Amino acid sequence: MMADSSDVIDNDPGNEGVMEKNDSGNGDVQQDGQEEKQFTSVASTYFDQKIQIPDVPQTRFSFRKLWAFTGPGFLMSIAYLDPGNIESDLQAGSVARFKLLWVLMSATFLGLLMQRLSARLGVVSGFHLAEICYKRYGKVPRIILWIMIEIAIIGSDMQEVIGTAIAFYLLSNGKIPLYAGVLITIFDTFTFLFLDKFGLRKLEFFFTFLITVMAVTFGYEYVVVAPDQPSLLKGLFVPGCADCGPKQILQAVGIIGAIIMPHNIYLHSALVKSRDVDRTKKEEVSEANKYFFIEAAIALLVSFIINVFVTSVFAEGFYGRRPEDIYNKCLAEGNPYAHLFNVTEVNVDIYRGGVFLGCQFGIAAMYIWAVGILAAGQSSTMTGTYTGQFVMEGFLNLKWKRWQRVLLTRTIAIAPTIFISIYEGIEQLSGMNDLLNVLMSLQLPFALIPILAFTSSTDIMGDFKNGIVMKIISGVLAAVVIGINMYFVAVYIQQLPNHWAIYLGVAVLIFFYFAFVLYLVWHCLVTMEIEIFSRIPLLRRFYPRYQLLISESNSDLQYSTF
């Protein structure tokens, strides 16, 4: 059952109401409120329609209302199922069997907490994260943040292009060369983006269909392989990793880096704006927060189950197998890709993983695997494009046509990908996912710190700001996630060529990187109204909205945007 045309409206009275409320404040707030009206007229036009929430009697829970709020969480959850995550899942199973499933579950739970903050920011303020960054940071920090998030989007886009190209290669038995599969992703993305012309609900339905395809295909592999259920449950609910070495520990770190995507936090805060919530009514805002959290929890539960399918398939089917045994099995089955396992040591990826399934469980398993990878790549590609649109509009107060945005990011993503696919081959192309996971790990602070800061701000969130317990929990989780990913990056740096020029360049980049992260942390502490950090004269000049924050926090606004 989808919402009919009566459930869709074309305006946003909630935003106008809050702006009127802001205009009733002091002079500074009124001027800023007028500035916000002009500012949001650009980015807020992305969704021409809003889904209306049914007016039902107030009860503790309503399935009709949950259905109306269902959509943004499932679009967000696609980032937890992109080809980079699928590869991380299968590698975890291949090197540690079921022992890292509890890490996967914990990382998904951490992701849910961060997505909760993202959704609350969009619902309560009426602005998404990039729009608020535009107002809360100075020009230079804002531009740096935008560049960093664009790097994360492009890195994710490259993973999705790689996954899609490999899927085409497997489905065509190599008749579609890698470079052709890469080029196809340009045109199919443009085609799918036209779907939103048919309405927001149909677009959300299509993304849900792609998630269903992944659930069916990877679920099929799970049933065929038939993992050992007691071992699976032990891996899920008994933390630890007995007899694990550096390889398994690094893979555990990689799971967290692959699961929590920085640009996904920006995306979710924008997607929730597609529902018609009257933000002048505190009860409606609170209700929207509740239903969006329930929907996000359901969506991430589905994505978690799919990830468990993939990890368990390779934990049962691949773990402990020798390359020569796999090679002989491939020869016996007449698999055309048997040469991949004619080596002394093999590191499985989404390409070799599909070939292995075809050798071990029949050629149909390989094709079904490829269909699942294709669905993962296509869905992630489209949500990445939407994220890029929101980020560009928010950080730069600039609106591009969608085809222009797709052309820019897809060109940047395809250039190195197609070069490697032509001159190096599919093995090196698939191996790029590890490098890209490291690249996106580096971008995590540029989403986690701002979302923690703004959801803890009184003048942005009002009565819905993070309480002291949530501040501590979110702050500790952000610090842990960032620390884990820094370890992941540090280990990867050790694999670089041993040359002084390379180490010098890396040292310079690390210095500026941590200097900017420390600036964001200080900005976060000031936004949380920890006065000792706001009184540092040298740093106050880098916080252009400090005086306005003080005046707003002392006003009589109970909950507002700015």
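How many of the 12 residues of H16 are buried? The count is 10 of the 12, so H16 is largely enclosed by the rest of the structure. Buried here means under 20% relative accessible area, exposed means over 50%, and partly exposed covers the range in between, with a 1.4 Å probe and protein chains only.

## Basis of the values

This is a predicted model, in which local features need pLDDT of at least 70 and side-chain atom pairs count only at pLDDT 80 or more, while totals for chains, interfaces and linings use all residues. Residues are numbered from 1 along each chain as its sequence is written, and side-chain values use heavy atoms, with hydrogens and water left out.

Helices are DSSP runs of H or I with at least four residues, numbered from the N terminus. H16 covers residues 350-361. From first C-alpha to last, this helix of 12 residues reaches 16 Å, close to the expected 16 Å; the expected span is 1.5 Å times one less than the number of residues. Its buried residues are Ile350, Tyr351, Arg352, Gly353, Gly354, Val355, Phe356, Leu357, Gly358 and Cys359. After the helix comes Gly362, which has a positive phi near 105 degrees.

Asp349 caps the N-terminal end of H16, with a side-chain oxygen 3.1 Å from the backbone nitrogen of Tyr351. Asp349 also forms a salt bridge with Arg352, at 2.4 Å from N to O. Both partners are buried: Asp349 has 4% relative accessibility, and Arg352 has a relative accessible area of 14%.

## Salt bridges

A salt bridge is a side-chain nitrogen of Lys or Arg within 4 Å of a carboxyl oxygen of Asp or Glu. Side chains of opposite charge can pair when their charged atoms come close. The structure holds 11 salt bridges. A network of them links Arg201, Glu204 and Arg275.

Arg322 takes part in two of the pairs described here. With Glu324, the closest N and O atoms are 3.4 Å apart; with Asp325, the N to O distance is 3.1 Å.

On a 1 Å grid over the protein atoms alone, a cavity is a set of points where a 1.4 Å probe fits but cannot get out, and lining residues have an atom within 4 Å of a point. Grid points are joined across faces, edges and corners, and a volume is the space filled by probe spheres set on the points. Two or more lining residues come from each of helix H8 (139-171), helix H13 (262-271) and helix H17 (363-396). H17 gives the largest share, four residues. By class, the lining has two nonpolar, seven polar and two charged residues; Ala, Val, Leu, Ile, Met, Phe, Trp, Tyr, Cys and Pro count as nonpolar, Asp, Glu, Lys and Arg as charged, and the others, Gly among them, as polar.

His268 also lies in helix H13 and is buried at 0% relative accessibility. The side chain of His268 makes a polar contact with the side chain of Gln115 at 3.2 Å. A polar contact is a pair of N or O atoms within 3.5 Å; within protein, one must be able to donate a hydrogen and the other to accept it, and residues adjacent in sequence count only if both atoms are side-chain atoms.

## The second largest pocket

A pocket is an open set of grid points with protein on both sides within 12 Å along at least five of seven lines. The second largest pocket has a volume of about 600 Å³. Of its 21 lining residues, Leu439, Leu442, Val489, Ile493 and Leu509 lie nearest its centre. H8, helix H19 (426-442), helix H22 (468-493) and helix H23 (500-527) each give two or more residues to the lining, and H23 gives the largest share, six. The lining divides into 20 nonpolar residues, one polar and no charged.

## A contact across the chain

Phe74 lies in helix H4 (residues 72-77) and is buried, at 14% relative accessibility. The C-alpha atoms of Phe74 and Ser303 are separated by 8.9 Å, although these residues are 229 residues apart along the chain.
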